[in-house]
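This briefing goes through one protein chain topic by topic, for a reader who wants the geometry stated with care. Please keep the sequence and the coordinates at hand while reading.

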Amino acid sequence: FSTLRRQDVTEVALTDGTKTSGTLLTAEPLERTDDTDVRIMSANILAEFPNWNNTLKECPVEPRVEILLGSIAFYQPDVIAVQELSANWAKQLHEKLDENYVLICDVFPDGQENYSALIYNKNTLELLSSEIVRYSVGDNPKCRNMGIGEFRVRATGKEFCMISTHWNLGAN
């Protein structure tokens, strides 16, 4: 997809030659509850390198990008906390996110990757400020950070802060 528009999607390619369809592609989007100001989503998208859950091979990003984009199109969140956002994931999302969504906090000012980023809907939220804060103690300078965004809801003027982080349970 160059951009994802829910009405244009009829199937998602998970792997070469394998197609699937389901509720994210065919169901009506969820209606917001009365008096709801913001819809928040969190997604640990799993970087593509071998890890504790997949030691045999890399996890390719491209097929999983379509799944994430389908989820965003269905749930229509205003802001998404994203964990394990590698440089390859960031590149794919910068290229393929719907034009209403913006990826932020994916790179430190010095150019180093941050695996704890945010995506927000620029039509429903105004970005007031954003920053990346490093943990004072941690085992991985890419993962052990906080992507922080301060937002204003365009419809109501209410302000809130959203944090994306990749907690390290085993770190001292």
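## Aromatic pairs and overall layout

The model is a predicted one, and side-chain atom pairs count only at pLDDT 80 or more. The protein chain has 3 helices and 9 strands, and along the sequence these follow the pattern β-β-α-β-α-β-α-β-β-β-β-β.

**Aromatic rings and a charge over a ring**

- A pair of aromatic rings is described by the distance of the centres and the angle of the planes.
- For Tyr120 and Phe151 the ring centres are 5.3 Å apart and the planes stand at 50°, so the pair is classed as tilted.
- Because Tyr120 belongs to strand 6 (residues 116-121) and Phe151 to strand 8 (residues 145-153), the pair ties together parts that are 31 residues apart in sequence.
- Tyr120 and Phe151 are both buried, and together with Phe160 they form one aromatic cluster.
- Elsewhere, Arg134 lies over the face of Phe108, at a distance of 3.7 Å from the ring centre.

**The open sheet and the helix packed on it**

- An open sheet is formed by 4 strands in the order 3-4-6-5, and the pairing within this sheet is mixed.
- Which strands stand at the edges of this sheet? Strand 3 (40-44) and strand 5 (101-104) do, and since each has a single partner strand, one side of each is left without a neighbour in the sheet.
- Averaged over the sheet and with direction ignored, neighbouring strands are turned by 20° against each other.
- Strand 3 and strand 4 (residues 79-83) run parallel and are joined by 5 bridges; Ser42, for its part, has Ala81 in strand 4 as its bridge partner.
- Helix 2 (residues 62-75) packs on the sheet, where it touches strand 3, strand 4 and strand 5, and its direction makes about 170° with that of strand 3.

**Ile40 in strand 3**

- Ile40 is located in strand 3, and, leaving aside residues up to four places away in sequence, it touches Val79 and Met162.
- The C-alpha atoms of Ile40 and Ala81 are separated by 8.0 Å, although the two residues are 41 residues apart along the chain.

- The side chain of Ser164 is joined to that of Gln83 by a polar contact of 3.3 Å.
- Residues up to four places away in sequence not being counted, Ser164 touches Ala81, Val82 and Gln83, then Ser116, Ala117 and Leu118, and finally Asn145, Met146 and Gly147.

**Loop residues and backbone geometry**

- Most residues other than glycine have a negative phi.
- Glu84, however, has a positive phi of about 65° although it is not a glycine; its place is in the loop between strand 4 and helix 3.
- With a relative accessibility of 13%, Glu84 falls under the 20% limit and so counts as buried.
- Cys105 is likewise not a glycine and has a positive phi of about 65°; this residue is found in the loop between strand 5 and strand 6.
- The relative accessible area of Cys105 is 9%, so Cys105 is buried.
- Ser86 lies in the loop between strand 4 and helix 3 (87-96), and because its relative accessible area is 2%, Ser86 is buried.
- Apart from residues up to four places away in sequence, Ser86 touches Ala47, Glu48, Glu113 and Tyr115.

**Figures for the whole chain**

- Of the 172 residues of the protein chain, 42% count as buried.
- Among contacts in the protein chain with a separation of 6 or more, 60% are accounted for by residues 24 or more positions apart.

Methods
Residues are numbered from 1 along each chain as its sequence is written. This is a predicted model: local features need pLDDT of at least 70, side-chain atom pairs count only at pLDDT 80 or more; totals for chains, interfaces and linings use all residues. Side-chain values use heavy atoms; hydrogens and water are left out. A polar contact is a pair of N or O atoms within 3.5 Å; within protein, one must be able to donate a hydrogen and the other to accept it, and residues adjacent in sequence count only if both atoms are side-chain atoms. Contact means heavy atoms within 4.5 Å. Two strands pair if DSSP finds at least two bridges between them. Helices (H or I, at least four residues) and strands (E, at least two) are DSSP runs, numbered from the N terminus. Axes are lines fitted to C-alpha atoms, for helices over the stretch in contact, and angles run from 0 to 180 degrees between N-to-C directions. Rings of Phe, Tyr and Trp (its six-membered ring) pair if their centres lie within 6.5 Å; planes under 30 degrees apart count as stacked, over 60 as edge-to-face and the rest as tilted. Buried means under 20% relative accessible area, exposed over 50%, partly exposed in between (1.4 Å probe, protein chains only). A charge sits over a ring if NZ of Lys or CZ of Arg is within 6 Å of the ring centre and within 35 degrees of the ring normal.
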